[in-house]
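Trainee: I'm new to this one. Could you walk me through it?

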Amino acid sequence: MLSMDIADLVLATGSQLLEGAPSARVEGTVEIDSRKVGAGSVFVAFLGEKVDGNDFAPAAVEAGASCVVVTREPDAALLALAHERGCAVVRPQDDDAEEFLLRLAHEWRARHPNWLVVGVTGSVGKTTTKDLLRAGIASARRVHATQGNLNNLIGLPLTVLSAPDDAEVLVCEMGMNHPNEIRRMAACCAPTLAVITNVGTSHIGLLGSRENIARAKAEVVSGMVASGGVEPLLVLTSANDYTPFIAENFARPAGVAVAYVGEREGDDVRATNVELTGTGEASFTVACRDGWSRRVTPSVPGRQVVPDFLLVMAVVEALGLDRDVAADAMAAMPAASMRLAVSESPRGVRVIDDSYNASPASMAAALDVLSEMDATGMRVAVLGEMGELGSEERRLHGYVGAYAAAKGLDMLVFVGGDLAGEMAEAARTMGASEDRLQLFPTVDAAVETLAPVFSRGDLVLVKASRSCGLDAFARGVLR
């Protein structure tokens, strides 16, 4: 909850005070949705593609806001209402609401030097790693973490600004679509510890190459600072081919130490004897350099959780927490909604819902889970299209179709337009027979045809980028 004089808010953000007393105080939450405004809140009006937040500034004043931040010239009625209710009206520099939030959160972070911030970025696995960090660190410290997918230039500052006063550790997930976004987020929250889950092909259509993706992820080191006796540390997976590039060109020149995790000899935190249970969970031994080791079986399904778990154990070790207690808490953490979440329908059909997002690497990981889990009936993959792959999209969709065909599943279902057709054609090329291959133009068509076909014992994977809406297919099968 923000607590600050209006004068300090204006100074920290480079804004203009249009109405209200500089000595008045803000004591409340920071909101971008007027429906969430309460007594003392700051309401920040964003100009969206369909909705102009400025139109809801009067409603925010009526709801008890202590300050409204407008991004266009306010009319006399709003200023009069704000004066009557004792609400400040502020206009940010260049009418940039995004930059206003970042600057305000930076100021709030600077007022809490006791917070230790852990930054999380990467192409795949950010949210699972963030959730594991929250679970593991919360075994000993008071943790505040990114909620849902609030991991962009708006969500990150809202995470910082919503941290409770008694928080000890902030876990901040950082996503990006363009260069310099993570740099701006890191400057805002000043992490001491950071993890990069991997460098894959997510957003390659926006950044042009995997090297550019690596550069963008490595921007996290630019804002890293020591805190509470803990020196800056970047944790990387040893198996990723861009790990040396990030370590040598970004971390070490910035004076940031690097720890490596993986399944290789010499890794600081290492996994050995990795097995997949019949219900899809990875079981493995995690070990640290000092001889500590533990057998764990996280409840989150899939082998991909192994590097995520190791990344978090390296952070737990750096914080000096009890590793046994943290490992227990992490292993017990359930899968997030629409992220390899396994549910069973009343008819006994199990659905692996991984419809929240997709990249070629996460598609392959989800197909591995499907093929390795126990199933008494059919194994079925329902795959939708992946977004933000740019000029590589046809080739990468083809790779996914070919990989799916190579898994030897009982049925392959592709949903969407040309790119779904690209996956289907690649699957045919790899030998998938027509009698086990289905192509549907829409989710509704797929549900209508296939939901009645599935029966007890079938195992169905649902995987696509969020924009495809394949979560509706999962719901349709589970009814």
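This is a predicted model: local features need pLDDT of at least 70, side-chain atom pairs count only at pLDDT 80 or more; totals for chains, interfaces and linings use all residues.

Trainee: How far apart are the mean positions of the positive and negative charges of the protein chain?

Mentor: By that count, the protein chain has 42 positive and 62 negative charges.

Trainee: What is the radius of gyration of the protein chain?

Mentor: The chain has 17 helices and 22 strands. For 479 residues the globule rule gives 23 Å, and the chain's own value is close to that, so it is as compact as a globular protein of that length. The radius of gyration here is 24 Å.

Trainee: Which residues of helix α16 are buried?

Mentor: Buried means under 20% relative accessible area. Helix α16 covers residues 443-450, and its buried ones are Val-443, Ala-446, Val-447 and Leu-450. Seen down the axis, they fall within an arc of 95 degrees, so they line one face of the helix. An α-helix has 3.6 residues a turn, so residues three or four places apart point the same way.

Trainee: And which exposed residues sit on the face of α16 turned away from its buried side?

Mentor: Start from the buried side: its residues pack against β20 (411-415), β21 (437-440) and α17 (471-478). The face turned away from that side carries the exposed residues Asp-444 and Glu-448.

Methods:
Residues are numbered from 1 along each chain as its sequence is written. Side-chain values use heavy atoms; hydrogens and water are left out. Buried means under 20% relative accessible area, exposed over 50%, partly exposed in between (1.4 Å probe, protein chains only). Helices (H or I, at least four residues) and strands (E, at least two) are DSSP runs, numbered from the N terminus. The arc is that of the directions from the helix axis to the C-beta atoms. Contact means heavy atoms within 4.5 Å. The radius of gyration is taken over C-alpha atoms; the globule rule is 2.2 Å times the number of residues to the power 0.38. Lys and Arg count as positive and Asp and Glu as negative; His and the chain ends are not counted. The place of a charge is taken as NZ of Lys, CZ of Arg, CG of Asp or CD of Glu.
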